[in-house]
Amino acid sequence: MRFFPWKRKYNLHDDELVARYRATGDKAFVGELYTRYAHLIFGLCLKYFRDKELARDAVLQLFEKMFVVLKKNKPENFKVWLTYVARNHCISELRKMKVNEERMEKYFHEEKEIGGDDLPGERSEKLLSREDQLLNLEAAVLQLGDEQRTCIELFYFKEKSYEEIASITGFTDKQVKSYLQNGKRNLKLILEKRT
């Protein structure tokens with residue numbers, strides 16, 4: 001399957017495609033808009049992410065959102081509106097990526113304060129690139145028990161508070177705190193075995 005299909009199916013104006021999609025729910029009309037503008041949005045996303053895979057993912061996410069968004073909104077000028085939406089999406093994703101990176105740094109900093117001397121994060125910093133550290137951490141998180149993994153992912157990756165985690169999972173606040181503490185300790189042990 002080609003990422004950017006070039007053959008047009010409909011010879012209709014963008015506004016007519018949006019109107020027909022809104023009236024019928026036929027996804028082929030949004031597919032036509034994708035055919036027309038995916039390359040443009042890919043270029044814009046590539047400018048922000050500077051990574052082809054991230055840009056491709058963003059394009060697919062944006063056009064998947066169109067199925068819902070176009071039911072609620074009727075843009076005056078689809079191309080201009082889509083460019084604006086894509087720009088905001090890229091900025092939002094970049095912020096999330098930065099927050100996740102800061103979360104990981106906070107995690108290693110907390111481990112240093114709690115764990116005392118030589119931590120796996122400190123040892124591996126000398127040996128591994130930042131990306132390798134994150135891959136190791138992701139793999140280690142997958143080795144945790146369900147409760148600990150869920151709490152770690154919600155707290156560090158999704159930035160949820162103890163109360164939010166308790167609400168999402170049904171755990172008590174005390175359980176959430178326990179799962180996070182034990183999860184961090186177990187992550188440390190798993191990471192130590194890997195280095």
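Are R36 and D14 buried or exposed?

First, a word on what we are looking at. This is a predicted model, in which local features need pLDDT of at least 70 and side-chain atom pairs count only at pLDDT 80 or more, while totals for chains, interfaces and linings use all residues. Residues are numbered from 1 along each chain as its sequence is written, and side-chain values use heavy atoms, with hydrogens and water left out.

Let's start with the overall picture. The chain has nine helices and zero strands. By helix I mean a DSSP run of H or I with at least four residues, and by strand a run of E with at least two, numbered from the N terminus. Read from the N terminus, the order of elements is α-α-α-α-α-α-α-α-α.

How much of the chain is buried? Of its 195 residues, 35% count as buried. Buried means under 20% relative accessible area, exposed means over 50%, and partly exposed is in between, using a 1.4 Å probe and protein chains only. The accessible surface of the chain is about 12,300 Å², and carbon and sulfur atoms own 51% of that. Those areas come from the Shrake-Rupley method with a 1.4 Å probe; for residues, only the protein chains shown count as cover.

Now contacts, meaning heavy atoms within 4.5 Å. Taking the contacts in the chain with a separation of 6 or more, 63% are between residues 24 or more positions apart. Here is a pair to find on your screen: N136 and L191 sit 55 residues apart in sequence, and their C-alpha atoms are 7.4 Å apart in space. N136 belongs to helix α6, residues 130-142, and counts as partly exposed because its relative accessibility is 22%.

On to the charged side chains. Side chains of opposite charge can pair when their charged atoms come close. Our cut-off for a salt bridge is a side-chain nitrogen of Lys or Arg within 4 Å of a carboxyl oxygen of Asp or Glu. How many salt bridges does a search of the whole structure find? The search finds six.

One of them joins R36 and D14, with 2.7 Å between the closest N and O atoms. This pair links distant parts of the chain, since D14 is in helix α1 (residues 14-24) and R36 is in helix α2 (residues 27-49), 22 residues apart. And back to my opening question: both R36 and D14 are buried.

Another salt bridge pairs E16 with R20, whose closest N and O atoms are 2.9 Å apart. These two are four residues apart in helix α1, so about one helical turn separates them. E16 is partly exposed because its relative accessibility is 34%, and R20 is partly exposed too, at 35%.

Then we have K96 and E93, with the closest N and O atoms 3.3 Å apart. Both are in helix α4 (residues 78-115), three residues apart, which is about one turn of the helix. K96 is partly exposed, given its relative accessible area of 46%. There is also a network: salt bridges that share partners join D14, E32 and R36.

Next, how the helices pack. Two packed helices are described by the angle between their axes and the distance between the axes. The axes here are lines fitted to C-alpha atoms, for helices over the stretch in contact, with angles from 0 to 180 degrees between N-to-C directions. Angles under 35 degrees count as roughly parallel, over 145 as roughly antiparallel, 65 to 115 as roughly perpendicular, and the rest as oblique.

For α1 and α2, the axes come within 8 Å and cross at roughly 150 degrees. So α1 is roughly antiparallel to α2. Among the residues that meet are L17 and Y21 in α1, and L33 and Y37 in α2.

For α2 and α3, the axes also come within 8 Å, but cross at roughly 140 degrees. These two helices are therefore oblique to each other. The contact includes I41 and F42 of α2, and L62 and F63 of α3.

Last stop, the loops. R50 is not a glycine, yet its phi is positive, near 55 degrees. R50 lies in the loop between α2 and α3 (52-72), and is exposed at 74% relative accessible area. E159, also not a glycine, has a positive phi of about 60 degrees. You will find E159 in the loop between α7 (146-157) and α8 (162-169), partly exposed at 38% relative accessibility.
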